[in-house]
Amino acid sequence: MTDNPRALRLADRIKTIVATQLDTRVKDPRLGFITITDCRVSGDLQHATLFYTVFGSEEEQAGTAAALQSATGMLRREVGRQTGVRLTPTLEFIPDAVPENARVIEDLLAEARTRDADLATSRTGAAYAGEENPYREPRAEGDALDDEDARTGIDAEDDEQA
């Protein structure tokens, strides 16, 4: 899809027109509970791709696809009449992959939750490989020199004065 503002406006208008016509004028019994999710219009405004979702079984989805195919001419005529563009774009209906993608994401999130739970159970009773706090603590006044300071024989305060 292009970033052409006119194509974006036409896509929104086509989406509205087709959704309204499917709700009010198309009386095909094969047409199930359909939702028009998106519409994309080519840059030359000659082709419109409409994405839709249908709830139901595989047979109901196939019936809805056949009903859309048979109603394409009537829908295109209404789009041309209501938009007033010089050349009416062709309409193509494509099933949207949003439900399948959502299902895959839900499966991945469930797998991540189980891995997190497994990690939490394996973490109980575990001890640190080294010291609990591997960072050197700042020395309080009056403490003995650190190992490094003892080797060099220079106190950190003497370094600051030099």
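**A chat about the model**

Modeller: Let's start with I14, which is buried, with a relative accessible area of 0%. Buried means under 20% relative accessible area, exposed over 50%, and partly exposed in between, using a 1.4 Å probe and protein chains only. This is a predicted model, where local features need pLDDT of at least 70, side-chain atom pairs count only at pLDDT 80 or more, and totals for chains, interfaces and linings use all residues. Residues are numbered from 1 along each chain as its sequence is written, and side-chain values use heavy atoms, with hydrogens and water left out.

Biologist: OK, where is the place of I14?

Modeller: In helix α1, residues 5–24. Helices (H or I, at least four residues) and strands (E, at least two) are DSSP runs, numbered from the N terminus.

Biologist: And what is I14 in contact with, leaving aside its neighbours within four places in sequence?

Modeller: I14 is in contact with C39, V41, A48, L50, V79, P89 and L91. Contact means heavy atoms within 4.5 Å. There's also G80, 66 residues from I14 in sequence and 9.3 Å away in space, C-alpha to C-alpha.

Biologist: Zooming out, how many helices and strands does the protein have?

Modeller: Five helices and three strands. Along the sequence they follow the pattern α-β-β-α-β-α-α-α.

Biologist: What share of the 162 residues is buried?

Modeller: Buried residues make up 25%. As for the contacts with a separation of 6 or more, 60% are between residues 24 or more positions apart.

Biologist: What does the accessible surface come to?

Modeller: About 11800 Å², and 51% of that belongs to carbon and sulfur atoms. Accessible areas come from the Shrake-Rupley method with a 1.4 Å probe, and for residues only the protein chains shown count as cover.

Biologist: Let's talk charges. How many salt bridges are there?

Modeller: The count comes to five. A salt bridge is a side-chain nitrogen of Lys or Arg within 4 Å of a carboxyl oxygen of Asp or Glu. One of them joins R81 and E78, at 2.8 Å from N to O.

Biologist: Why are R81 and E78 separated by about one helical turn?

Modeller: Because they're three residues apart in helix α2. R81 counts as exposed, at 59% relative accessibility, whereas E78 is buried at 5%. Salt bridges that share partners also join R25, E78 and R81 into one network.

Biologist: E78 is interesting. Which residues does Q21 touch, not counting those up to four places away in sequence?

Modeller: Q21 touches V26, M74, L75, E78 and Q82. Q21 is in helix α1, and is buried with a relative accessible area of 6%.

Biologist: Back to the salt bridges: what does the side chain of R40 meet?

Modeller: R40 meets D38, at 3.2 Å from N to O. R40 is partly exposed at 40%, and D38 is partly exposed at 27%. Another salt bridge pairs D28 with R30, at 2.8 Å from N to O, and R30 is partly exposed with a relative accessible area of 39%.

Biologist: Which residues gather in a patch of negative charge on the surface?

Modeller: E58, E59, E60 and E100. Helix α2, residues 58–83, gives the most to that patch, with three residues. E60 lies in helix α2, and E60 counts as partly exposed at 43% relative accessibility.

Biologist: How do you decide what goes into a patch?

Modeller: Patches are made of residues with over 30% relative accessible area and no salt bridge, with like charges joined within 9 Å and nonpolar side chains (Val, Leu, Ile, Met, Phe, Trp, Tyr) within 5 Å. Lys and Arg count as positive and Asp and Glu as negative, while His and the chain ends are not counted. The place of a charge is NZ of Lys, CZ of Arg, CG of Asp or CD of Glu.

Biologist: Now the loops. Where is T88 found?

Modeller: In the loop between α2 and β3, with β3 at 90–95. T88 is partly exposed at 22% relative accessibility. Not counting residues up to four places away in sequence, T88 touches R76, V79 and G80.

Biologist: And what about phi of L45?

Modeller: Phi of L45 is near 65 degrees, a positive value in a residue other than glycine. Most residues other than glycine have a negative phi. L45 lies in the loop between β1 (34–41) and β2 (47–54).

Biologist: Is L45 buried or exposed?

Modeller: Buried, with a relative accessible area of 11%.
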